[in-house]
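Please walk through the packing and the open space of this protein chain, with the structure open beside the text.

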Amino acid sequence: KRSSERLLEVHRVKTFFNEHGVSTIPPLLNSEGSTLSNVNGEFFAVFPYVPDKQYHGLPSNKAVASAGENLAKLHLAEANNLSLVSKFLKPWDKRAFLEDATRMLELADAGTTSFDKMASKMLALKIALAKNSKVSFEDLGLEHNTILHGDYHTQNLFFDENDRVSYTFDFERTMIGPRTTDIAYGLFMICFDFNTDIENNVSDTHFERARS
């Protein structure tokens, strides 16, 4: 559950990017002049309706290229403004991941649905990859020097009629970390994850989008 301070921080980040060339969708002000309202101890914000399109399947090459350009603008805009955000990316903990993934694998193996089988297959693959990797987060030498979007993919973007990014939204996971995190996550989510049935092989089309 996010605190009011964290939610207001996210709102400030949206406003900052909107003022620095990355169009976001800031929340509307309420009657008290605040972007955050409180009803019976529950906080919420109201956002304007946006008629532009979204991609819930594989985007066009043009849309992917625009998403990449937009992410670059986002990273460049915050160069000297890290103080806007108080949350830092937590480096990957291999041991904690293996413990959690092993428990989830046991639950998936005990299930009988097609989703259980799919989850079991993917968890086994991820566990094998993690066990075989000898590289630590520290080995990569990545600096926490960028305000990350934190959840960058086409379902958190709006596109105009020319497949150019018109708005970026959903900054609830924004934090300070290495910009490569946004890039790798965005590349995977935009080009490979949302857009292919997990039971099928990734096609050349997906790699074409990645190259875009």
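Beyond its neighbours within four places in sequence, Tyr55 is in contact (heavy atoms within 4.5 Å) with Ser60, Ala63, Thr154, Gln155, Phe159 and Asp163. This is a predicted model, in which local features need pLDDT of at least 70, side-chain atom pairs count only at pLDDT 80 or more, and totals for chains, interfaces and linings use all residues. Residues are numbered from 1 along each chain as its sequence is written, and side-chain values use heavy atoms, with hydrogens and water left out.

Tyr55 belongs to the largest nonpolar core, which has 12 residues in all, including Ala63, Leu71, Phe159 and Phe192. A nonpolar core is a set of buried Ala, Val, Leu, Ile, Met, Phe, Trp, Tyr and Cys residues joined through side-chain atoms within 4.5 Å; buried means under 20% relative accessible area (1.4 Å probe, protein chains only). Helix 2 (61–77), strand 4 (157–159) and helix 5 (179–193) each give two or more residues to this core, with helices (H or I, at least four residues) and strands (E, at least two) taken as DSSP runs numbered from the N terminus. Helix 2 has the largest share, four residues. Another core, of 11 residues, lies apart from this one and has Phe17, Val85, Phe171 and Ile176 among its members.

Turning to the lining residues, helix 3 (94–110), helix 4 (114–132) and helix 5 each supply at least two for the largest pocket. A pocket is an open set of points on a 1 Å grid over the protein atoms alone, where a 1.4 Å probe fits, with protein on both sides within 12 Å along at least five of seven lines; lining residues have an atom within 4 Å of a point. Helix 4 gives the largest share of the lining, nine residues. Of the 34 lining residues, Trp92, Phe97, Lys126, Tyr185 and Phe188 lie nearest the centre of the pocket.

Note on methods:
Buried < 20%, exposed > 50% of the residue type's maximum accessible area, 1.4 Å probe, protein only.
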